[in-house]
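Visitor: I would like to learn how to read a structural model, feature by feature.
Guide: Then let us look at one together.

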Amino acid sequence: LLPALAACADDGGAIRETRASDPALVYYTSGTTGPPKAVLHDHGYTYTQRYTSRFWHGVRDGELIWTTSDTGWAKAAYGVLFGPWSEGAEVVQLHGRFEPAAELAFLMDVDPHVFCGPPTEFRMLVKEESLVRLRCERLRECVSAGEPLNPEVIRAWKDATGITIRDGYGQTESILLVGNFPGVPVKAGSMGLPMPGHRVDVIDERGQVAEPGQVGDIALFGHPPSLFRGYWKDEAATARTRRGDWYVTGDRGHRDEDGYLWFVGRD
């Protein structure tokens, strides 16, 4: 694949200008609540993925990030192509089955500045006896997304490494929308705060913002370029995601007095 991409890059005729609103790619949802849906993104979305890396990964120009592929091809794609690379970072990908001891050994060998893995992996890594021997001089940030990460795992990882796993929340339909960001206090178990430039809140059935502590629908205001164009050839399903000016994620949660969001479950 990489030689083919390099060949295209060398051929000036293969490059053309695009609008931010031009269709770019299609991902499929995981199908946890029904058949997988085709999610259409435009080129504006590919640009906005750099904010996932800039504000959440915390990776910097010239640094190294390892995003484990067990989180799915789509996350590996935007975690490699549209996020870290646009920030000037080098990316590691490992093709192979997940095995806790081997992953920790590889983590030491690579010694990235940023390590990103799904909660299921972290839950298994903290049970691995070799975790006490983990030594990564450059490792500065550890992040996780895909489902809520329980506070016990966050505490166990910090006890072993001195690094707090920063949880994040996003969807196939969007970039990371909510996260625990570098330098911001982490509330263990919380989804964190809205991504800069995005208004994410909890709303009720009428589309009104809920009071702190009140459980409702987690929703994104407006039509930012970080949000999908729609479900491919399914206008009805796309329309069901809107409640007035809000995009409704399909997840339930509540907001505390400090603005942190807390996941409750699927709608």
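Visitor: What should I know about the model before reading it?
Guide: This is a predicted model, in which local features need pLDDT of at least 70 and side-chain atom pairs count only at pLDDT 80 or more, while totals for chains, interfaces and linings use all residues. Residues are numbered from 1 along each chain as its sequence is written, and side-chain values use heavy atoms, with hydrogens and water left out.

Visitor: How many helices and strands does the chain have?
Guide: Helices (H or I, at least four residues) and strands (E, at least two) are DSSP runs, numbered from the N terminus. Here the chain has seven helices and 15 strands.

Visitor: What share of the residues is buried?
Guide: Buried means under 20% relative accessible area, exposed means over 50%, and partly exposed lies in between, with a 1.4 Å probe and protein chains only. Of the 267 residues, 48% count as buried.

Visitor: What share of the contacts comes from residues 24 or more positions apart?
Guide: A contact means heavy atoms within 4.5 Å. Among contacts with a separation of 6 or more, 62% are between residues 24 or more positions apart.

Visitor: How many aromatic pairs are there?
Guide: Rings of Phe, Tyr and Trp (its six-membered ring) pair if their centres lie within 6.5 Å; planes under 30 degrees apart count as stacked, over 60 as edge-to-face and the rest as tilted. The count here is eleven aromatic pairs. One of them joins W66 and F115: the ring centres are 5.2 Å apart and the planes are at 45 degrees, so the pair is tilted. This pair links distant parts of the chain, with W66 in strand 3 (residues 64-67) and F115 in strand 5 (residues 114-116), 49 residues apart.

Visitor: Are W66 and F115 buried or exposed?
Guide: W66 is buried, at a relative accessible area of 2%, and F115 is buried at 0%. F115 also pairs with W157; their ring centres are 6.5 Å apart and their planes at 25 degrees, so this pair is stacked. It too links distant parts of the chain, since W157 lies in helix 6 (residues 151-161), 42 residues from F115. W157 is buried as well. Ring pairs link W66, F106, F115, F122 and W157 into a cluster.

Visitor: Which charged residues lie over rings?
Guide: A charge sits over a ring if NZ of Lys or CZ of Arg is within 6 Å of the ring centre and within 35 degrees of the ring normal. The charged end of K37 sits over the ring of Y231, 5.2 Å from its centre. R199 lies over the face of F221, 4.9 Å from the ring centre.

Visitor: Where is Y260, and what does Y260 touch?
Guide: Y260 is in the loop between strand 14 (246-255) and strand 15 (261-266), and is buried at 7% relative accessible area. Beyond its neighbours within four places in sequence, its contacts include N180, V184, P185 and K187. The C-alpha atoms of Y260 and D201 are 9.5 Å apart, although 59 residues separate them along the chain.

Visitor: Is S226 buried or exposed?
Guide: S226 is buried, at 1% relative accessibility. S226 lies in the loop between strand 11 (216-221) and strand 12.
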